[in-house]
Each structure stands twice: as C-alpha cells, then as structure tokens.
Amino acid sequence: MFFFIIRRVLSTIPVLIIVAVIVFLMLRLTPGDPAASLVGNNGTSADIANIRASLGLDEALPVQFFKWSLHVLQGNLGESYYMKLPVTELIAQRIGPTLSLSVLTLLMTILIAVPLGVVAAWRHGGWLDRALMGFSVMGFSIPSFVIGYLLIWGVALHWQLLPVQGYAPLAKGLGPWLSHLILPAVTLSIIYLALIARVTRASVAEALSEDYIRTARSKGISELRVLTRHALANAAVPIVTVIGIGVGLLIGGVVVTETVYAIPGLGQLTVDAVLGRDFPLIQGITLFFSFVYVLINLLVDLSYLILDPRIRY
Amino acid sequence: MLKGLFTKLILGVGIACVFNAAQAQDASKTLRIVPQADLKILDPIWTTAFVTRNHGYMIYDTLFGLDGEGKVQPQMVDTYTNSPDGLTWTFILRKGLAFSNGKPVTSADVIASINRWGKRDVFGQKMFEAMSSFEPIDSNSFTMIFKTPFPMVLDALSKPSGIAPFIMEKSAADTPADKQITEYIGSGPYVFKQDEYSPGAKIVYTKNTGYVARSEPASGTAGGKQVFVDRVEWVILKDAQTMANAISNGEVDLIEWMPAEQYAAFKADPKLELVKPTPPGLFDLHLNHLVPPFNNPKIAQAAIMAINQEALLRAQLINKDLYRTCTSIYPCDSPIASADAAYFTGKPQFEAAKKLLKQAGYDGKPVVLLYPADFAVINKFPPVMAQLLKQAGFNVDMQAMDWSSLITRRTIKEPADKGGWNLFMTGWSPGDTMNPLFFPPLTGNGEKGWFGWPTDPKLEQLKTDYLGATDQAQRKKIAADIQLQVYETGIFAPLGNFDFYSVLRKGVVSGLVVAPVNVFWNIKKN
C-alpha cells in the first residue's frame, strides 16, 4: 500500500503540470487584458501600455510561463494583479468559509442521506421509499439558487431567524458561524442528499437480496444489525465513491451558493479573478483545486482498502 | 445516540438564531455600506476606478473641495493668494492638520502628493507643463510659480473625480507614479484598517480621532467632514437581490448605488428611503475616428442621428423615474449644459441619416458595435442601438463579450475587420463631466487622446480657450462651442442622463452629503 500511495502522489505531478500549461495558455489566448481592467474607465492607451509593461505582460509567452513556473516550483504562486497580495495569502484568507460550507454540507448530507437511503431500501416499495424517490427527483430538478432564494425569503426575511448573507469565522463562536452557514449548507446539500440517498438505496437494496442477509436473519440477528453491519457495510464502496464524486462537484456548487449568500470564499474569489483577468490568481486557484481533487480521489481509493478487505493495490 | 445528535443539532440552530437577533442589535455601533464595487486597488492616484477614488475620500483630504453648488472652497488650505500677473500662487495650510499616525501635515507632504498626482492625471500634467517651480516656503506654506497664467489652478486642486489630488504622507507620495503605494496613512476623516482588509468581503474604516474638521457645514467635497459613527464597514455584495435582502433584513444600512432592477421593490418598502446623493450621470455612444467609416464625420453624424434616447434609456433603466433624455454632452442640470445641439435631437432621424450616408459614400461594410453582455449597467443599450443603426442604413455587426474584453478591445487601433472596433457605449459619473477639461472623451489630439482618437484641432483650441477663461459666463459660452464642435466632428453623443440613487434604512441612517462623488462623512446612525 505504501508504494501505491507513493505512486499516486507522484502521478499528481504530471496532472498538475498539464493543468498549469492548459490554464496558462487558455488565459493568454482568450480576449481580455488585466491592464485595461486595472486602469479604469478614464485611463488612456498609454496608461494601459505602462501597466502591461510593469506586469510583464508584454514579454513573450514562453518567457512569462518560464518565470511563473520557476516561482511555482519555489512555492510562490505569484501576486494578485489587483490586490497586490500573494495568491497563497488570498487562498488562505478565503479557504475558511469554503471549507466550513463544504464540511457542514457534507456532514449534513451524509447524516441524512445514508440513513434515509438505508430505510428506503429496507421498506422497498413503501411510502418512505416512494417519498424519497419523489424528493430525489425534486432535488435534482430544482437549481440550487432557486432553493437558496426560497430559503432566504422564508427563513431569513419572513421569520427573520437567520442572516441572509455573509460569513462569520468559527473563531467568533459556534453561534455566529452556524447562523451564517445553515441556509447555504441546506441549499447546497439538497442535490447531494438526492444523489447519495438514491445510490445508498440502490446499493443497500441489492445487498439485502444477497444470501448472506438471509443467513444473518435466520441466525436471529436484529434487523438494525442486519441493515448496518451486513447490508450497509457491503454496500459501502459505491456509496463512498459517489460521496467522493460529490465532494468534487461541491467545488463547483460552492461558486453559486457563495454568490447567492455573499460568502467570501474561494468560489467568489474564482469568479472575481476570472472577470478581472487576474492571471496569477486564476492559475493559483486552479492548481489548488486540481490538487484538492487529486487528493480526494486518493482518499477515496484508500478508503476501499478499509471498506472491502478483498481489495488490494 | 441519534437522539443526542438530534438534540445537539437543534441546540446549535437555536444558538444560531438567538445570536442572529443579538447581532442585529449590535449593528447600531457600526455603519454598514454596500459600496458600488469591490475595493481591490488601494491607491487612488494609480487607478481611475470610482471605488478606489471613494476610498481615497474616506482616508485622505484634499487642498480644495467643491461645495454643493460646484464652487471651489479651501479644504486643507487656510488661505491662498494669487499675484496680480496671475503667475504666482501662495498657499498656507490650516493649523492642526495631522495624518492618522499623528504626524503633522507639512508642505513637503503636499508637494510630494501633488507632484505624484501631476504625473498620473491628464489635467495635472497640463498644470505642471505651465509651471516653473513648486516649492515650500516653510513647513506650513508653499508656492506655485507659472511660466504662463494658469487660471484653473484651484479647479485642478479641487478635481473631484478621475484622479483626485489627495494628500498623502511624503513617504507614500514619493512612490513612483507608475507603482502602487503600500502604506495607507491618511489625512482624512477615517482610518483604513489594513489588518482587517479582506477584498471581496469587507473593508473597514474607523473614525480618525486626530482629524480636525473645518468649522463650516459639510457641503460637496468641501466643508466640515464630521464623523458620527465609530466604524464604517464596506460590505461587498454583488448580487442585486442579495443587496435587497440584506438591507431589508437590517444587515446593511446603506446601498451606495441602487441596482435599477430593484427600484420598484425598494420604493414600495416602507422601511427604506431612496435618496440622490450625487447629480445625474451620463451615458454616451463613442465612435472610432481612426478607422473607416467613422473617420468620415458625415458618417459619424449619421450614426448619431440614429439615436433614440427614450427607447435606449427605457430598455436599460426600465422605470421612467430613473432617467431623462438630454441632448447636451454635459448632464442637463450642469451649469455648463447647453440646449444648442445642432442637428442632434435625441430622436431618430432615419431618413436624414440615410441621406447623409449616401452623400458620404458609405460602402455598406459592417460597423462593429461592442456589446458587454455581462455589464448590467449598460448591457441593454447595444441590442437597441444595433437595431436603430440598421434602421438608419448601417450594416451592423454586434459582437458580444464581457466588459473586461471590451475595455481591452477598445484600445486596438486596427480597422474593425482586423480586430478593432467602431462603436461602444459607456457611462460617466457627474464628477467626470462637470468640466470639459476633466471629461475624458473630449479629446481632439488624435492617437494621444481617449479611445476613438478623433483629430480635431478646433476642439483642442476651444479647450485651451476654456482653460484661459476667467468667469463663468465665458466658460459656459466656450463649453457650448465645444458641444457644437463635438457634434460637428461626430466624436460622441449622449444617450441621456440617469440618476444615481442610494438606498438607506429609513429612520436609521441620515445626513448623506450631496456631492459630485459619493462621500460617507456626516452620516448619522440611530
């Protein structure tokens, strides 16, 4: 397993290099000039030319790429054209809200979706199963921004129970942190609830039809133990896989949710960077997300070893 | 176990709800403002971005300001004199002026600041071209000596927008003009909290307790800049609906620029008040004079004749309360506005335009109209303008892009079919349009000028005449001549005036100062 981990970690290097080259070239080949954005509406062509020169944007593409790569190898992702702050500092500033939102969403999703899916499989064809299927269709069909606005209207504006926007770090206390994250997390979790509950239901239903379940029941084991210890444990691999995919999708999902709830996270930072053509920031964030994605996949692969002892790498 | 977890979850949500109520009460100590945009650049001399200019007004003061009637008034300056030959200006600073770090403001700081401004600002460059020396007399006074009279010295030093001449500490002002400053020690009413700076989320200012405000009441960018709150937070919200929800829920106190699509909802909300803290702004159609077909003034005039202000403004601003048609190149309530707009009526004249096109020999090649699809403030104009131009006989190629691409594209001087452009639209704040010498698109010096690059020596001469004019009547007359010259050459044309509304919580926020730019002193929060 040790060599497997080493091999997987090393395999991230070409992935990150390919991502870096593609992002670098795409940014330079698409229209839009950061210097023009920086100077403002009143600036002249001469002002723009001066800024381009000061940012090194007038140099040949290979030279720009070489300089940037050299910095990245030294652990320096560059400096934002606009905010004049290191990209690593900006990512560190924004990772808190995004991580908080993602973890809370994931926790809520797993704690609700997995039990729901198990019960639906257990009561296959019953009212709970049908309700879950209906909820799943709804969860997949309604865009998250619609759910977000409905929750804001009801919970925040009508009942005035929670704030409509913003973020409070955990350092300010559990109350403020939770009060700003409950609605975004619920908004974001609906689609994953639907996805994970469906997959859990299907996997557990399949497991429940296996011979070892009949054997377990005939031995007089309680139904709860049959469901958790025998059915769920054997159905875990596809569930964990879909949770892993869900985490990847979550990275995209937070962009919309952070916009609706004005949460200053990595999603909003990405959108701002793209709109302003802040090349070092876009490149830095993309590399960071690629690394996270590769890491999640590695963790999912490793979890298979624990969940299914038959799997060996 | 499940029961315990459920109890904890309910408890957590309960705590969050209780905290939310407590936070709403705590908000009274802090004024929370949604600014027009995110503050990403902190040097107001380095960029012309409006939000950076407003940040400049928060933390820096200026030597002179413009009062509510647009008249120049001393601000950091106590007294000043001008020699009878008009060549020597002497200024004495007010006593007790200090930076937010407690150090006194000296002539050395002022000279370094104005020198740096003069390298970045077009009008500042003009002033320095006419100047022979700019020296301190002592730590509290200084002189400007000119080679030729420059009657608009005070207008330059009170310039409210574009790049305003803010006074910084010498150490910051000595930064090369093409590099951004990294220290933000202010001379104005607020202190910038650099340790809490979180672009994209929140920008924080506290009251500058060492600031000595003038004794006169606040008026425009002049007068006493009093601060009645302990702390101001700029909360960055970009989505119009989120802004509406936040102010309705009492989470923010003031929205600097009301999103037009929320006008009806804000107006109907009894908890909110709509105010106009700045004079109207202006939308324009700009034409490229460097390449065909608008290098022919007749064809440029034909395009201007296609304009239907009412149709364009209605499409963009939806509600009639928010706009007014106006044929002057300056906002219609500006002191220099003129009703004489030659052939331009703001109403479509398709037949006359077609006739002009025929006379001028328009070859039917497509004119490229740039369409910033992502920029909500102006993105309804281009589709309407494209249709109007077609009705006037133009072949139109409307090209959609984002605003960032548009401002890059407009720098390209090649013909439209080689990556250049022919037409685009933009908007101007009142601070940009109040003086023909400050108004960026009023250039006739070809490729050295603003985008569109018209060559019009007569316009340049009129601007020189305006610079030398000593009284308001003379200035108004020359401003009117400039307007006629703009229409003659077909440099650009107005699409109409629009109001900048701010939204505030009724009964909670008061004291907004009317000024050419949005300013945030003098505001009280109950």
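This is a predicted model: local features need pLDDT of at least 70, side-chain atom pairs count only at pLDDT 80 or more; totals for chains, interfaces and linings use all residues.
## A guided tour of the two chains

Across all chains, the structure holds 1 disulfide.

**Stop 1: the disulfide.** Select B:Cys326 and B:Cys332, the two residues that the disulfide joins, with 2.1 Å from S to S. A disulfide is a covalent bond between the sulfur atoms of two cysteines. Look along the S-S bond: the angle about it is 90 degrees, and the link is right-handed. Are the two partners buried or exposed? B:Cys326 counts as buried because its relative accessibility is 3%. B:Cys332 has a relative accessible area of 43%, so this residue is partly exposed.

**Stop 2: a pair of strands.** Stay in chain B and colour strand β15 (residues 367-372) and strand β16 (residues 396-401), which pair in the parallel sense over 6 bridges. To see one place where they face each other, pick B:Pro372, which stands opposite B:Met401 in β16(B).

Stop 3: In soluble globular proteins, nonpolar side chains tend to be buried together. The largest nonpolar core here has 238 residues, and the members that touch the most others are B:Leu63, B:Met144 and B:Phe394. Which helix gives the most to this core? Select helix α8 (residues 174-208) of chain A, which gives 15 residues. Then centre the view on B:Leu63 and show what surrounds this residue: beyond its neighbours within four places in sequence, its contacts include B:Pro74, B:Met76, B:Leu93, B:Phe142 and B:Ile167.

**Stop 4: a covered helix in chain A.** Move to helix α11 (residues 266-275) of chain A, where the buried residues are A:Leu266, A:Gly267, A:Gln268, A:Leu269, A:Asp272 and A:Ala273.

**Stop 5: where the chains meet.** Finally, show both chains together. The contact takes 48 residues from chain A and 52 residues from chain B. Between them the chains bury about 4100 Å², with 54% of it on carbon and sulfur atoms. On the chain A side, select A:Asn41, A:Asn42 and A:Gln165: these lose the most area to chain B, together 16% of what that side buries.

Conventions:
Residues are numbered from 1 along each chain as its sequence is written. Chains are lettered from A and ligands numbered from 1 in the order in which they are written. Side-chain values use heavy atoms; hydrogens and water are left out. A nonpolar core is a set of buried Ala, Val, Leu, Ile, Met, Phe, Trp, Tyr and Cys residues joined through side-chain atoms within 4.5 Å. Buried means under 20% relative accessible area, exposed over 50%, partly exposed in between (1.4 Å probe, protein chains only). Helices (H or I, at least four residues) and strands (E, at least two) are DSSP runs, numbered from the N terminus. Contact means heavy atoms within 4.5 Å. Two strands pair if DSSP finds at least two bridges between them. A disulfide is a pair of cysteine sulfur atoms within 2.5 Å. Buried area is the accessible area (1.4 Å probe) that two parts lose on being put together, summed over both.
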